[in-house]
Amino acid sequence: MRAHALGTPRVADLKGKRIAVVGLGVSGKAAAKLALDRGAHVVGVDAKPGLPKLEDDVELAQFGRDRTSTVLGEDAFSVLEECDRIVLSPGVPSNNQHVQRAARNGVEVVSELGFAAECIPATTRVAAITGTNGKSTVTTFTGQLLEHSGASNFCGGNLGLPLSKASFVLRRDPEEYEALVVEVSSYMMELPGNFHANVATILNLTPDHLERHGNMETYGSLKCRLLTPMMEEDTVLLPNDAFLERLAVQAGGKAKRATIDGMPGVQIDDETKQAYVCLPSTSNCNTYDLEPLRAVGKHNLKNAGVALFLAEALNLGLDPSALQSAIACLEAPPHRMMVVGEHEGVIWIDDSKSTNVDSSCAGISGLARPAVVLLGGMGKGSAEGLGFAKLVPFLQQHRGVVAFGKSGLEIEGELLAAGMACTCVGKMADAVDLARQMAKSGDAILLSPACASFDEFNNFIHRGKYFAELFNKYTS
């Protein structure tokens with residue numbers, strides 16, 4: 001259970017301590033700012049040469065430039081053993097040899113998530129959302145439900161805003177947020193520290209990030225670490241998945257259990273578009289009408305239902321009628337079944353955040369209108385292949401399929417072998433050009449790549465923005 005957040009706002013509990021922040025992206029910079037606010041001297045560490053130095057950061061200058069230093073390049077990790085604590089950004093594996101050597105020599109190591117959790121007041125409610133697919137959407141929906149129902153909240157974590165940002169604010173005003181809605185990744189759970197959620201969900205578990213975690217057992221066990229510190233007054237919502245249930249039991253924890261597609265828990269009627277929410281702590285069941293939901297795709301009915309469950313389970317005293325009214329205000333996060341625009345009767349949909357087959361499956365199967373589906377990039381496969389045959393039953397209801405990118409030919413081969421016609425082109429722009437020729441009025445062009453983006457783009461955000469640029473190019 002969380003401590004009372006240092007007792008007094010802004011206490012310098014790390015004064016005189018030397019804290020290494022490893023990885024100087026968004027999470028690292030937020031952790032550095034929080035560490036400085038807690039009185040520490042901060043050493044920024046990153047293997048990438050040429051990054052901006054912490055001591056040159058205008059935002060951090062308020063704490064005194066003499067309290068920051070930066071070490072960059074391949075030898076940067078040599079300073080870790082000289083520090084009192086190490087805070088790891090999510091992109092830095094906990095099994096990094098330099099980090100492990102420092103830990104063996106007595107240096108405490110924690111993730112940015114765990115470091116931020118040290119400053120969360122015990123009175124602030126926390127909802128944690130993880131899983132392979134859908135977690136960004138459920139996190140976003142939950143935060144929006146709370147906001148539109150009158151509950152002040154921070155919505156972030158793996159979603160984009162590091163938890164350290166919320167902790168920095170809470171050190172100034174412990175009542176700023178009634179709740180924190182936190183998307184949690186498996187990377188963050190390698191060293192979660194004392195992170196404790198009052199309400200948590202693991203939405204699903206399918207193969208992903210195995211290049212870092214090695215196998216599904218490890219990957220799933222990391223997700224289930226959310227459950228370990230949970231108490232009897234807490235609630236966890238899990239899918240009906242035998243493998244995940246076994247890992248959840250091994251993780252321990254005392255939280256009350258609820259089930260996705262079960263009771264107590266949340267059930268969705270796709271035909272009537274209703275969500276039935278029942279908390280394990282009560283016999284009451286609330287029914288919500290999801291017809292006002294504007295987000296595209298049947299899978300978003302379930303995402304909204306789970307978000308409603310989490311909003312209720314936070315026990316903030318929200319009126320179900322306020323939650324019902326908020327459903328019409330829900331918007332999916334960028335690049336997740338996001339409508340870019342419509343031209344000549346064809347809707348362009350950006351689902352660039354779908355970077356694996358299971359994620360794309362949700363978007364493709366839930367789209368009501370015929371679509372030309374764009375698949376491609378860097379596939380995430382195994383010795384058995386990329387797994388695109390799984391999409392065939394859902395692709396068959398659509399107008400056509402275009403594959404592209406580094407794995408394009410392999411995707412085309414798997415689909416053809418499974419009886420699904422597919423055309424392979426070079427780059428994404430070529431795929432979009434062909435899709436424009438194939439689509440008819442009333443159709444959609446759906447970018448749901450089921451692949452990583454790094455063969456052609458910086459990340460899935462870059463890919464999605466480029467898709468929007470192509471739409472503007474062809475419709476201007």
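Colleague: Let's start with the helices. How do the axes of H7 and H8 cross?
Modeller: In this predicted model, the axes of helix H7 (residues 216-224) and helix H8 (residues 242-251) come within 9 Å, and the crossing is at roughly 55°. That makes H7 oblique to H8.

Colleague: Is that crossing left-handed or right-handed?
Modeller: The crossing of H7 and H8 is right-handed.

Colleague: And which residues meet there?
Modeller: On the H7 side you have Met216, Glu217, Gly220, Ser221 and Cys224. They meet Phe243, Leu244, Arg246, Leu247, Ala248, Gln250 and Ala251 in H8. Sorted by class, the contact of H7 with H8 has 7 nonpolar, 3 polar and 2 charged residues.

Colleague: OK, another pair. What about the axes of H1 and H5?
Modeller: Helix H1 (residues 26-37) and helix H5 (residues 163-172) have axes that come within 8 Å and cross at roughly 25°. Angles under 35 degrees count as roughly parallel, so H1 is roughly parallel to H5. This crossing is left-handed.

Colleague: Which residues do the touching between H1 and H5?
Modeller: From H1, they are Ala30, Ala31, Lys33, Leu34 and Asp37. From H5, they are Ser164, Lys165, Ser167, Phe168, Arg171 and Arg172. By class, that contact of H1 with H5 has 4 nonpolar, 2 polar and 5 charged residues.

Colleague: I clicked on Ala166. Where does Ala166 lie, and is Ala166 buried or exposed?
Modeller: Ala166 lies in helix H5. Its relative accessible area is 0%, so Ala166 is buried.

Colleague: What is Ala166 in contact with, leaving aside its neighbours within four places in sequence?
Modeller: Apart from those neighbours, Ala166 is in contact with Phe154, Tyr177 and Leu180. For a sense of distance, take Glu384, which is 218 residues apart from Ala166 along the chain: their C-alpha atoms are separated by 43 Å.

Colleague: Switching to sheets. What is the order of the strands in the sheet with 5 strands?
Modeller: The order is E3-E2-E1-E4-E5, in an open sheet with parallel pairing. Strand E3 (68-72) and strand E5 (108-111) stand at the edges with a single partner strand each, so one side of each has no neighbour in the sheet. On average, neighbouring strands here are turned by 20° against each other, direction ignored.

Colleague: How many bridges are there between E1 and E2?
Modeller: Strand E1 (residues 18-22) and strand E2 (residues 41-46) pair in the parallel sense over 5 bridges. Within that pair, Ala20 stands opposite Val43 in E2. Helix H1 comes back here too: H1 packs on the sheet and touches E1, E2, E3 and strand E4 (85-88). The direction of H1 makes about 170° with that of E1.

Colleague: And the other sheet, how many strands form it?
Modeller: That open sheet has 9 strands, in the order E7-E8-E6-E9-E10-E11-E12-E13-E14, and the pairing is mixed. Its edge strands are strand E7 (153-157) and strand E14 (285-289), each pairing on one side only. The twist averages 15° from one strand to the next.

Colleague: Remind me, what do strands pair through?
Modeller: Strands of a sheet pair through backbone hydrogen bonds, either parallel or antiparallel.

Colleague: Which way do the residues of E9 point?
Modeller: From strand E9 (residues 199-202), Val199 and Thr201 point one way, Ala200 and Ile202 the other way, and all are buried. In a regular strand the side chains alternate between the two faces of the sheet.

Colleague: Where's an antiparallel pair?
Modeller: Strand E12 (residues 265-269) and strand E13 (residues 274-278) run antiparallel, joined by 5 bridges. Ile268 has Ala275 in E13 as its bridge partner.

Colleague: What is there to see at Lys273, in the loop between E12 and E13?
Modeller: Lys273 sits in that loop, and its phi is near 55°, a positive value in a residue other than glycine. Lys273 counts as partly exposed, at 31% relative accessibility.

Colleague: Last one: what kind of peptide bond joins Met263 and Pro264?
Modeller: A cis peptide bond, with omega about -5°. Pro264 is in the loop between strand E11 (256-260) and E12.

How values were computed: Residues are numbered from 1 along each chain as its sequence is written. This is a predicted model: local features need pLDDT of at least 70, side-chain atom pairs count only at pLDDT 80 or more; totals for chains, interfaces and linings use all residues. Side-chain values use heavy atoms; hydrogens and water are left out. Axes are lines fitted to C-alpha atoms, for helices over the stretch in contact, and angles run from 0 to 180 degrees between N-to-C directions. Helices (H or I, at least four residues) and strands (E, at least two) are DSSP runs, numbered from the N terminus. Angles under 35 degrees count as roughly parallel, over 145 as roughly antiparallel, 65 to 115 as roughly perpendicular and the rest as oblique. A crossing is left-handed if the near helix is turned anticlockwise from the far one by less than a right angle, and right-handed if clockwise. Contact means heavy atoms within 4.5 Å. Ala, Val, Leu, Ile, Met, Phe, Trp, Tyr, Cys and Pro count as nonpolar, Asp, Glu, Lys and Arg as charged, and the others, Gly among them, as polar. Two strands pair if DSSP finds at least two bridges between them. Buried means under 20% relative accessible area, exposed over 50%, partly exposed in between (1.4 Å probe, protein chains only).
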